[in-house]
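Please walk through this structure from its overall make-up to single residues.

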Amino acid sequence: MTEIKKEAALNSEQPPNSQSFKESITQENNHLSETCDIFDSELRKEAQTLSLLETREFPFIFFPAPVATFIRDTSKALSCPPDFVAMGVLVCASVAIGNGATMELKKSWETGASLYCGVVAEPGSAKTPAINKSLKPLFDLQNSNFEEYEHKKIQYELERDNYEIELENWKKSIKGAKRAEYEDKPEHPKMPSVQQLITMDSTLEAMQEALQYNKKGVIKLHDELLGFFKGMNQYRAGADRQYWLSIWSNEPIFINRKGKEPIQIPKPFVSIIGGIQPDMIEEIVKAVEGNNNDGLIDRFLFCYPDPVSSHWTDDDVSEEIIGGYCDIITRIYHSLSEDHPTLVKLSDKAKFAYTMWYDNTEEETEKAGFPEALKGVWKKLKGLHPRILLIMHILKWADNYKMVNKGLVEDELVIFTNYIMDYFKSHAKKVFQFTQSNMQDKNAIKLMEYVKSKGEKHEKGLCMRVNAINRGKVFGRYTNISIIEDTIARIEHQRLGEIQQSLYKRQIIREFVLYSKAIQS
């Protein structure tokens with residue numbers, strides 16, 4: 001059998017016929033034996049519906065040193081995954097940039113830096129404190145904006161009092177006067193507005209008002225994103241979702257207001273970040289599917305890291321580290337203007353590196369067995385890459401503005417961003433694996449995750465007593481020994497674990513062993 005025939009047999013949709021397959025096995029050809037093993041491996045992989053996907057840690061080392069140090073020290077101080085802080089940093093930087101910079105991929109494709117992000121973690125995992133710590137520069141800037149507004153408001157009230165006096169004097173002076181003197185009427189002073197950077201109000205009307213007075217951009221902060229999704233279209237079917245789809249693309253929105261003049265926001269800029277409890281992910285997906293899957297959920301970047309131990313620690317973040325991070329974000333905010341935005345382009349090598357990643361991402365979706373639920377996500381990731389790249393480039397420039405060309409991205413930064421986007425791919429798989437599984441597989445994934453986080457080391461992987469799993473209420477209040485037994489049997493059937501029995505004081509002890517191979521890359 002020639003090499004071409006071997007390859008054809010392995011790549012055909014149907015397995016080779018039994019006779020030729022037996023003959024091929026008997027041939028003394030090491031290479032052929034290896035290919036047969038590969039085919040067997042592929043069959044096993046296709047039959048296996050369960051696995052614990054490898055959870056990558058956010059590659060924050062690719063951030064500028066002051067930012068990376070802030071992420072590391074803050075996550076240690078809070079005893080939380082660095083992913084939480086890194087996600088907050090990305091969104092913080094995106095809003096500091098706002099409409100002040102765009103990236104040109106080609107003449108027909110220019111993109112901004114807005115992001116929609118979700119942090120998946122259990123309650124009490126410090127995701128909210130981590131996000132708030134990373135948003136400190138924006139909170140400080142907003143406080144400064146409010147103080148400035150307060151001063152302007154005092155000045156406005158003085159000018160308004162003077163205006164009323166001048167208006168009365170003018171009214172007296174025009175009695176019997178000529179028409180030309182009407183032009184001397186005093187002008188009403190303009191009431192100041194506050195530039196809000198962070199909004200926690202869930203209503204679209206509140207967001208529209210914030211955008212009206214802040215053309216550069218705002219962040220929509222949610223403790224729980226489920227409320228954001230469920231609150232959409234509560235009063236206007238379909239309208240809210242369309243607004244958020246348009247805002248994600250920075251497309252103009254026109255707002256009709258009852259009893260007020262209509263307004264148009266030519267380039268709305270909003271970044272979103274919020275937390276999600278793992279058990280609530282499916283509720284969000286259901287809310288999306290109820291709207292014919294308009295692609296809104298595909299636009300979100302999710303992080304779903306493994307939990308970390310949260311024992312007491314004396315680790316803290318120094319004022320110097322916090323100040324270094326805040327200085328970078330503040331420099332970005334004050335240096336970029338929405339009235340004269342900076343246009344960032346790719347060097348030839350940088351564009352080549354990006355297009356290679358772009359095409360590889362597309363090819364992944366064309367492979368047999370690629371989940372349908374992820375195809376929309378992968379399509380959006382190709383457009384999210386340049387948004388992350390723009391943020392990374394501006395952060396790099398703000399850290400070393402004398403040496404870095406603000407208008408040109410080099411290839412090294414594209415390679416760094418490729419690693420970050422591969423991180424988001426792995427976490428998207430983890431999020432959507434759970435939502436697309438049937439109930440039995442969901443239970444199995446939950447049980448394996450539980451053993452992974454609380455089990456003891458075993459020569460074959462990790463182990464835990466069956467009764468301890470039952471007591472842990474893995475499936476909530478519906479947990480019982482029967483469901484535990486059925487779920488373990490399902491895991492055993494897929495050769496990802498086994499039950500081992502031992503005798504202790506005439507009592508049979510049953511342990512579940514989760515194999516090391518259950519955790520896949």
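Residues are numbered from 1 along each chain as its sequence is written, and side-chain values use heavy atoms, with hydrogens and water left out.

The pLDDT is the predictor's confidence in each residue, from 0 to 100. Its mean over the protein is 85, and 84% of the residues reach 70 or more. Residues 1-36 have a pLDDT below 50, and this stretch has 17 contacts in the model beyond near neighbours in sequence; a contact means heavy atoms within 4.5 Å. Where pLDDT is low, the predicted coordinates should not be read in detail.

The secondary structure comes to 18 helices and 17 strands. These are DSSP runs numbered from the N terminus, helices being H or I with at least four residues and strands E with at least two. Of the 521 residues, 46% count as buried. Buried means under 20% relative accessible area, exposed over 50%, and partly exposed in between, with a 1.4 Å probe and protein chains only. Among contacts between residues at least 6 apart in sequence, 73% join residues at least 24 apart. The protein exposes about 28600 Å², of which carbon and sulfur atoms supply 49%; accessible areas come from the Shrake-Rupley method with a 1.4 Å probe, and for residues only the protein chains shown count as cover.

In soluble globular proteins, nonpolar side chains tend to be buried together. A nonpolar core is here a set of buried Ala, Val, Leu, Ile, Met, Phe, Trp, Tyr and Cys residues joined through side-chain atoms within 4.5 Å. The largest one has 117 residues, and F63, W244 and F424 touch the most other members. Helix α14 (residues 372-399) gives the largest share of this core, 14 residues. Leaving out residues up to four places away in sequence, F63 touches F58, A68, I71, V89, L90, M392 and L395. A second, separate core has 18 residues, including Y450, V451, I484 and I488.

Helix α4 (residues 65-78) has 14 residues, which should span 20 Å at 1.5 Å a residue, and its end C-alpha atoms are 20 Å apart, which agrees. The expected span of a helix is 1.5 Å times one less than its number of residues. The buried residues of α4 are V67, A68, F70, I71, D73, T74 and S75. Their cover includes α5 (82-97), α6 (127-134), α12 (319-335) and α14. T74 lies in this helix and counts as buried because its relative accessibility is 2%. Apart from neighbours within four places in sequence, T74 is in contact with V85, K133 and V317. After α4 comes S79, with a positive phi near 55 degrees.

Two buried residues of α16 (D441 and Y450 are among those buried in it) can be set beside the helix's length: α16 (residues 439-454) has 16 residues and reaches 22 Å from its first C-alpha to its last, close to the 22 Å expected at 1.5 Å a residue.

Next come the aromatic rings. Rings of Phe, Tyr and Trp (its six-membered ring) pair if their centres lie within 6.5 Å; planes under 30 degrees apart count as stacked, over 60 as edge-to-face and the rest as tilted. The count by this rule is 17 aromatic pairs. F70 and Y325 form a stacked pair, 4.1 Å centre to centre with 10 degrees between the planes. This pair links distant parts of the chain, with F70 in helix α4 and Y325 in helix α12, 255 residues apart. Both F70 and Y325 are buried. F300 and F302 are also stacked, because their ring centres are 6.1 Å apart and their planes are at 25 degrees. Y116, F228, F229, W244, F300 and F302 form one aromatic cluster.

Some loop residues remain. Most residues other than glycine have a negative phi. N250, in the loop between α10 (239-248) and β7 (253-255), has a positive phi near 60 degrees and is buried, with a relative accessible area of 11%. K505, in the loop between β15 (497-504) and β16 (507-515), has a positive phi of about 50 degrees and is exposed, with a relative accessible area of 70%.

Note on methods: Predicted model: local features only at pLDDT ≥ 70, side-chain atom pairs only at ≥ 80, totals over all residues.
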